[in-house]
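User: I would like to learn how to read a few features of a protein model. Please take them one at a time.

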Amino acid sequence: MSDVSPLDLEGIRIAIEQARKSYSEGGIPIGGALIASPSQKILGSGHNQRIQKASPILHGETAALEDAGRLQADVYRHATMFTTLSPCSMCTGAILLYKIPRVVIGENETFMGEENLLRSRGVEVVVLNNQECKDLMKKFIEEKPEEWLEDIGEPASK
């Protein structure tokens, strides 16, 4: 694992803030932030809004990209995506499409996304193993297991 920088800590702080916001709105507590390097400018941040907006695609990472708006290709190539949870296939696809070279993940115990695919395509993946990220997800999953399963594309057990 790479060394954790002050920017990594700030980026994950923003993502966690977004995850808390989603949870307070009744949504899934996953947040994201896109930050430019080396300027450290926050390009966008967002949180999972699948429940709030009845959206099939507004995960934390895609909401951060949406918040960033339309950017030139070279901006993405000098940015880091911060996310509180390991990115799913859809979010991984967006990261790969825009050639974002680095992803910092709060935790991957609750859900293991496509980290191996990211690595295989040359993306630097840093997992922080953040306890607050784990606690937020655990609380949500205990409270709303059906909504969690829906978010990751799994049918609810009957």
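Analyst: Start with the elements: helices (H or I, at least four residues) and strands (E, at least two) are DSSP runs, numbered from the N terminus. Residues are numbered from 1 along each chain as its sequence is written. This is a predicted model, in which local features need pLDDT of at least 70, side-chain atom pairs count only at pLDDT 80 or more, and totals for chains, interfaces and linings use all residues; side-chain values use heavy atoms, with hydrogens and water left out.

User: In which loop does lysine 99 lie?

Analyst: Lysine 99 is in the loop between α4 (89–97) and β4 (102–107). Its phi is near 55 degrees, a positive value in a residue other than glycine.

User: Which residues does a cis peptide bond join?

Analyst: The cis bond links serine 37 to proline 38, with omega at about -5 degrees. Proline 38 sits in the loop between β1 (31–36) and β2 (42–47).

User: How do I read a pair of helices?

Analyst: Axes are lines fitted to C-alpha atoms, for helices over the stretch in contact, and angles run from 0 to 180 degrees between N-to-C directions. Angles under 35 degrees count as roughly parallel, over 145 as roughly antiparallel, 65 to 115 as roughly perpendicular and the rest as oblique. Here the axes of helix α1 (residues 6–24) and helix α6 (residues 131–143) cross at roughly 15 degrees and come within 11 Å. The two helices, α1 and α6, are therefore roughly parallel to each other. Contact means heavy atoms within 4.5 Å. On α1 it is made by Ile16, Ala19, Arg20 and Tyr23, and on α6 by Glu132, Cys133, Leu136, Lys139, Phe140 and Glu143.

User: And how is empty space found?

Analyst: Rolling a probe the size of a water molecule over the atoms shows where empty space is left. On a 1 Å grid over the protein atoms alone, a cavity is a set of points where a 1.4 Å probe fits but cannot get out; a pocket is an open set with protein on both sides within 12 Å along at least five of seven lines; lining residues have an atom within 4 Å of a point. Grid points are joined across faces, edges and corners, and a volume is the space filled by probe spheres set on the points.

User: What volume does the largest pocket have, and which residues line it?

Analyst: The volume of the largest pocket is about 160 Å³. Its lining consists of Ile57, Leu58, Thr62, Leu65, Glu66, Tyr76, Met90 and Tyr98. Helix α2 (residues 60–68) gives the largest share of that lining, 3 residues.

User: How many cavities of 30 Å³ or more does the structure hold?

Analyst: There is 1 cavity of 30 Å³ or more. The largest cavity holds about 90 Å³ of space. It is lined by 14 residues, of which Ile30, His59, Ser86, Cys88 and Asp151 are the closest to its centre.
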